[in-house]
Amino acid sequence: MAQLMQNPLSIHKSPLQVRIPALSSVKSLQWRPPKPRQKLRINKISAVLETGKSPVLSEPEIANNNNNGSSKGLIVKKSAAMAPSVIEVDSVTEADLKENGFRSTKRTKLVCTIGPASCSFEQLEALAMEGMNMARINMCHGTRDWHHNVIRSVRKLNEEKGYAVAVMMDTEGAEIHMGDLGGAASVKAEDGEVWTFSVRAFNGSLPPHTIQVNYDGFAEDVKVGDELVVDGGMVRFEVIEKQGPDVKCQCTDPGLLLPRANLTFWRQGRLVRERNAMLPTISSKDWLDIDFGIAEGVDFIAISFVKSAEVIKHLKSYIAARSRDSDIGVIAKIESIDSLKNLEDIIKSSDGAMVARGDLGAQIPLEQVPSVQQHVVQLCRQLNKPVIVASQLLESMIEYPIPTRAEVADVTEAVRQRADALMLSGESAMGQFPEKALAVLRSVSLRIEYWCREEKKHESMYLPDIATSLSDSVSEAICNSAAHMANNLEVDAIFVYTRQGSMGSLLSRCRPDCPIFAFTSSTSVRRRMNLQWGLIPFRLDLSDDMESNINRTFALLKARGMIKSGDLVIAVSDMLQSIQVMKVP
């Protein structure tokens, strides 16, 4: 080990001895906008270790191997006692590190809703090239066969191209929804038009200006004079007449009606929610969709309109009983008043949260949405749960090739709040410019992250202790110390070796200035870590020998040109609960 490291700093369970290495000066960085992604079909990148003498290649050996013309990866000689090992990393990560360096890699993760505009393999690959970290499938739309094909395409993309794109299945929820508009992709409601909202079942096509409602008690609950709000305020109607199962409404705010859009109704300026509160959080359709998601092996299941932590706990026990060989995370969507009343308990019991601002803005005053967003983001970070900011980030790009300046400012604020991920909805699902919308998210995120680091604009946040055992307390202390040291020493990267991803998550929570290289032997853990801020997940067969893991990592990453001799690295591990500071040999 002494031959590998120069001036190590190690912390073990023995009495603490600290020796700070002499550091070379750190070169200042200049911002460069990210280069446009080339539309290339790039093979999966891997590097293979085989028998030989030295675990770390010298520069001539690396050059010789890199010049041999092989496209299947580098052969690195190592001792016969070690079995061959493979490291998996995608081309986007490699290109970012080579072109922009450590500190210009993207920290904020990007989620894309998949729809008709983005569901082919080629379209998914283009989104992955632009930086998509997770694909969202919305069970409000499409058939299970359609969603199955999307999931299969994402998995194929990961297997063939080396990506770690996770899949999140979003349930419909038991709130009041419109029907599917008779198969139409959208319908325009004009000012003053009279529409019929009905709970009747129609044979054949729907009559003109008629919308089905999924809630049988709808006609009984609404009153003449109530305001009917569609999809968080995208269209508004006033109830003018009730005729048995039909409710006649006049359009007061024109707009585009989308299939299965959420409906709320207001009376004298107040949300009418008594009946909604009686509906189950998870409907019978949702349970069938959840069974489908478990069978497909999705990485996350997002639950709509969560009212209490008990719903999350019940679902997690249900998943555990039916999916013993996989680990599916549960994301709580914060989009109702009930969610806000029980916010901390809901987040504690979940594996992450989503600020669904569209539906949330239909239940609370609009001016409260920004402060609620900031509160949820901060609480999730304190509780070590990834958080996604969603809804209408770049809404205008559904129709136009560039966003409004106000939308860019909105994205900027979410990045400055240090949310784990930003999500596109209609922009990527049915918009005319899904790749351009994702490119805007990526470029704005990169620029604001860089600005915050250089200008020290991010605010320090108190992170309370969250460990529940001595072992967890040690891991938490190591990660807090590693992040603090990384900022003070201006290291190039933190390397974390983790089997279940827990230590990677703790490091992400600290939001260090440098990127976090997270190495795990589990493909599913690698995908799940791809949702968390700052983590660059790699798959590597880990051994119990920390020195061996570090040796192999240095050799493989140097061979790909992703690190170089002299780079300063902090290495931590949840296997030995250790921390080391070293320069790459």
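Q: Which residues of strand 7 are buried on one side, and which on the other?
A: This is a predicted model, in which local features need pLDDT of at least 70, side-chain atom pairs count only at pLDDT 80 or more, and totals for chains, interfaces and linings use all residues. Residues are numbered from 1 along each chain as its sequence is written, and side-chain values use heavy atoms, with hydrogens and water left out. Strand 7 is mostly covered, with five of its five residues buried (under 20% relative accessible area; exposed is over 50%, partly exposed in between; 1.4 Å probe, protein chains only). Both faces are covered, by Ala166, Met168 and Asp170 on one side and, on the other, Val167 and Met169.

Q: What is the bridge partner of aspartate 170 in strand 17?
A: Strand 7 (residues 166–170) and strand 17 (residues 300–303) run parallel, joined by three bridges. Aspartate 170 is also one of the buried residues of strand 7. Its bridge partner in strand 17 is alanine 302.

Q: In what order do the eight strands of the barrel close?
A: The pairing in the barrel is parallel. From one strand to the next, the twist averages 25°. The eight strands close in the order 5-6-7-17-18-19-20-21.

Q: At what angle does helix 7 run to strand 7?
A: Axes are lines fitted to C-alpha atoms, for helices over the stretch in contact, and angles run from 0 to 180 degrees between N-to-C directions. Helix 7 (residues 284–296) lies across strand 7 and strand 17. Its angle to strand 7 is about 170°.

Q: How are helix 4 and helix 7 oriented to each other?
A: The two helices pass in a right-handed crossing (the near helix is turned clockwise from the far one by less than a right angle; anticlockwise is left-handed). In contact (heavy atoms within 4.5 Å), Arg144, His147, His148 and Ile151 of helix 4 meet Lys285, Leu288, Asp289, Phe292 and Glu296 of helix 7. Their axes are 11 Å apart, at an angle of about 30°. Angles under 35 degrees count as roughly parallel, over 145 as roughly antiparallel, 65 to 115 as roughly perpendicular and the rest as oblique, so helix 4 and helix 7 are roughly parallel.

Q: At what angle do the axes of helix 3 and helix 4 cross?
A: The crossing of helix 3 (residues 121–129) and helix 4 (residues 144–161) is right-handed. The two helices are therefore oblique to each other. Their axes come within 10 Å and cross at roughly 55°.

Q: Which strands stand at the edges of the open sheet?
A: The open sheet has seven strands in the order 10-9-13-12-11-15-16, with mixed pairing. Within the sheet, strand 9 (residues 194–198) and strand 13 (residues 246–253) pair in the antiparallel sense over five bridges. Each edge strand has a single partner, so one side of each is left without a neighbour in the sheet; these are strand 10 (210–212) and strand 16 (270–271).

Key: Helices (H or I, at least four residues) and strands (E, at least two) are DSSP runs, numbered from the N terminus. Two strands pair if DSSP finds at least two bridges between them.
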